[in-house]
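Work through the following exercises with the model open beside you, and try each task before reading its solution.

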Amino acid sequence: MTSHQAPITAPITAPIPARVPARTRIGAAVGLLLLSPICAEYLIGYDQIISNPLDMLTGLLVLGPLYGTVAVLIREVARRAGRGWPTMVLLSAAFGLIQAGVIDQSLFNPDFVHEASWDADRLPTFVAGLGVSVKHVVGFVGGHVIWSFCAPIGIVESCVPRIAHRPWLGRVGITVMIVLYGLGALVIFKEHSKQFLATPAQFGTVGLFALALAVAAFAVPRRLPRRGAAGRGGGGRDEGSRGSGGRVPPSWAAGCGAVVLMGAHQLSSPGWGGVALNVAALVLAGGALVWWSGRPDWGPVHVLAVCGAALVVNAALSFVVEPLGDTSPVLKYGANAVLMVVVLLLLGWARRRLRFTAAVPRALEGARSA
């Protein structure tokens, strides 16, 4: 994920440029609305719903408003404010904390999942004074940042590179997203509050931390628009190269590194050693991305490689994850395979879109020089 900043500094009420077709903008927003919950809930196949395709489809009616609207709103606010990935990551962490600490209360509910594996994962790093498992805090919030929000945003923006840094929605669209999110959050909150309700102190603590993350999201310094491959909105360079701003890895290397670090995040064992590995992987990944993404040769193709790695990691792990509850092995592995194929096709199409967008300016320059 890159911290490239677009030169758009319009406020949230600014009109969308007329030359951007409405169908393209709305299609991108709807694509993100659907991809976000699929990445958040279905891709890794941890729930028994994975063996019921019909339930997966109907589940999007709730999960789309719960996850997808947040991804759309995070992206919309950041892009309209002329900001990029640092802001989107911090906002994703804020909403991830609200999701796990307020809406479904999975951070605090000791019986959130009625399986022995829940306690086996939770108890080794449980802090009684706080009423939370440190592993769950890192895993849940980190998971929301990567798979619920940021990776889907990066993939969909790669599919529409010409409007990747522009607003997609107007006032009506933003209002619809806010209303849908409120309804989805209310449904999930009421459902999970039937048997358990966090304490006011727990709700208040989550709210304060989420507010701090939101403030930090807009306090981070903006980067000026960069010239170079990333700034041109094209495919960027695939090769590692040393320009005036320093060397960046090839996009394939960035993707492979992301696979290793995100795999370590997902596969870290219960206990403090596993938490340390988990945090180290996230810090190393985040630090490397902040370091490289500020350089001119870091471009959209690198963003696609890193975000695509996130999807591939969970799609691959789905084949070894044992879903909760009773599932049909045939349907479970069939759904895993279908989702993996869809991920690979989506990434291939996004890469093609980036290549096409990068080729058009070069062709025009060649025509002019001829």
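**Charged pairs and their burial**

Arg 80 is buried, its relative accessible area being 2%, where buried stands for under 20% relative accessible area, exposed for over 50% and partly exposed for the range in between, with a 1.4 Å probe and protein chains only. The model is a predicted one, in which local features need pLDDT of at least 70 and side-chain atom pairs count only at pLDDT 80 or more, while totals for chains, interfaces and linings use all residues. Residues are numbered from 1 along each chain as its sequence is written, and side-chain values use heavy atoms, with hydrogens and water left out.

**Exercise 1.** Find which side chain meets that of Arg 80 in a salt bridge.

*Solution.* A salt bridge requires a side-chain nitrogen of Lys or Arg within 4 Å of a carboxyl oxygen of Asp or Glu. Glu 76 is the partner of Arg 80, at 2.9 Å from N to O, and Glu 76 is likewise buried, with 1% relative accessibility. Both residues belong to helix 2 (residues 53–80), where they are four residues apart, about one turn of the helix; helices here are DSSP runs of H or I with at least four residues, numbered from the N terminus.

**Exercise 2.** Determine which residue forms a salt bridge with Arg 79.

*Solution.* The partner is Glu 157, with the closest N and O atoms 2.8 Å apart. Because Glu 157 lies in helix 5 (residues 134–159) and Arg 79 in helix 2, the pair ties together parts 78 residues apart in sequence. Glu 157 and Arg 79 are both buried.

Note on methods:
Helices (H or I, at least four residues) and strands (E, at least two) are DSSP runs, numbered from the N terminus.
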